Amino acid sequence: MSARIEVVVDLDAVRHNVSLLAGLAGGSGASTMVVVKADGYGHGAVEVARAALDAGATWLGVCTLEEAAELRAAAITAPLLSWLHVPDEDMAGAVATGVDLGIASPRDLAAAAGAARSAGRPARVHLKIDTGLSRNGCPPEDWGALVDAVAGLADEGVVEPVAVWSHLAHADAPTHPTLDRQAARLDDAHRATTARLGRPLLTHLANSAATLTRPDLHRDLVRPGVAVYGLDPVDGGSGHDLRPAMTLRSRVALVKTVAAGEGVSYGHTWTTPGRRALALVPAGYADGVPRSLGATGRLAVAIGGIRRPVVGRVCMDQVVVDLGPADEPHGVAEGDEVVLFGPGDGRDAADGGLPTAAEWADLLGTIHYEIVTGVGGRPRLRRVTRGVPEGSRTQHSG
């Protein structure tokens, strides 16, 4: 490792997770759409997409048309859905390259129709109904009018309806009553739409959590996201063998001895209880280490496979690690690798394993999605992708 800080992405872990998820979906007769939005949750959208397709996924999902264009530019031709659109967005390029479009409003539909006419081919559309998340999606009271408009455009050959779909609000709690209510609303909309359009349509609802725990909600297609990256979305855990794919690591920049009673880092929130050995690690909140983690008093990193506490505040570029009393051996040298978070394995089992993104999320009262997508921020942070076939290895900045 030569960089100050880098993200290591284990594509073999991604393949393992996708194989597990696709196996669960296949047991219900469903296909698998792997979600690679937000640059593959910070893991690299193109590399993850290829690994996912290798491992059994047959669809890909993204949020934006720009994300879809990146995949098509990388010669990824798998079925691909992009679902969140802004006013006046030009969809012609997406239609021309066979990107399916999520449609939640008359405005979305009009844009898709215009793009289809410009591209000279029908726009493939997935009609999204709001079943209870109250976010993106057509309100039920407007659904009939939207479907009528789709029917007219389908008769003209301007749009090709593909699916009716929705998104769950409480899938992380598999027994929450809203799951069944949302599923029933989706099924009602699907029946009415297929009847009105006179053609079969796919239906999809299940995210990561529902893919793992609710096979009855798999329908025709599941859409796992965070579980692809080895992060368990279920409250209390799903019980499945998901393997985290991201490691955030750095190196020890400096080892020094500090006298007893000295304050450490801004604000002197920690004071040396005796003469201490300290290590400086060049990773901070500009790199995705949340500043508020320092305030928990529980942030740790792994050096040499041993968990060691971070002391004082997290700074923009660096953190300080307590190596213990200065007169005791600590075995840490400048240049040693530092794991800020990773899969959680290692030899410090007495402390519950080595740091993970899920641990950071628990300390902050947030979700691990926010941790992995928040990594990066400046060009000095490299992402190194493992498990790429020789001849196609890439590196790119976070």
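A salt bridge is a side-chain nitrogen of Lys or Arg within 4 Å of a carboxyl oxygen of Asp or Glu. The structure holds 15 salt bridges under this criterion.

The model is predicted: local features need pLDDT of at least 70, side-chain atom pairs count only at pLDDT 80 or more, and totals for chains, interfaces and linings use all residues. Residues are numbered from 1 along each chain as its sequence is written, and side-chain values use heavy atoms, with hydrogens and water left out.

**Exercise 1. Overall description**

Describe the chain by its secondary structure, its extent and its burial.

Solution. 
- Step 1. The chain has 12 helices and 20 strands; helices (H or I, at least four residues) and strands (E, at least two) are DSSP runs, numbered from the N terminus.
- Step 2. The C-alpha trace spans about 80 × 45 × 35 Å along its principal axes.
- Step 3. Of the 398 residues in the chain, 53% are buried. Buried means under 20% relative accessible area, exposed over 50%, and partly exposed in between (1.4 Å probe, protein chains only).
- Step 4. A contact means heavy atoms within 4.5 Å. Among contacts between residues at least 6 apart in sequence, 66% join residues at least 24 apart.

**Exercise 2. The annotated lysine**

Solution. 
- Step 1. In the UniProt record, an unreviewed entry, the annotation "modified residue: N6-(pyridoxal phosphate)lysine" covers K37. UniProt positions are given in the numbering used here, feature names are shortened, and annotations may be inferred rather than shown by experiment.
- Step 2. Leaving aside residues up to four places away in sequence, K37 touches G61, V62, C63, E67 and W83.

**Exercise 3. Burial of helix α3**

Why is helix α3 described as largely enclosed by the rest of the structure?

Solution. 
- Step 1. The residues A45, V46, E47, V48, A49, A51 and A52 of α3 are buried.
- Step 2. These amount to seven of the 10 residues of α3 (residues 45-54), so the helix is largely enclosed by the rest of the structure.
- Step 3. After α3 comes G56, with a positive phi near 125°.

**Exercise 4. Packing of two helices**

Determine how α6 and α7 are oriented and which residues join them.

Solution. 
- Step 1. The axes of helix α6 (residues 106-119) and helix α7 (residues 140-156) come within 10 Å and cross at roughly 10°. Axes are lines fitted to C-alpha atoms, for helices over the stretch in contact, and angles run from 0 to 180 degrees between N-to-C directions.
- Step 2. The helices α6 and α7 are therefore roughly parallel; angles under 35 degrees count as roughly parallel, over 145 as roughly antiparallel, 65 to 115 as roughly perpendicular and the rest as oblique.
- Step 3. From α6, P106, L109, A113 and R117 meet L146, A149, V150, L153 and E156 of α7.
- Step 4. The residues of this contact divide into seven nonpolar, no polar and two charged. Ala, Val, Leu, Ile, Met, Phe, Trp, Tyr, Cys and Pro count as nonpolar, Asp, Glu, Lys and Arg as charged, and the others, Gly among them, as polar.
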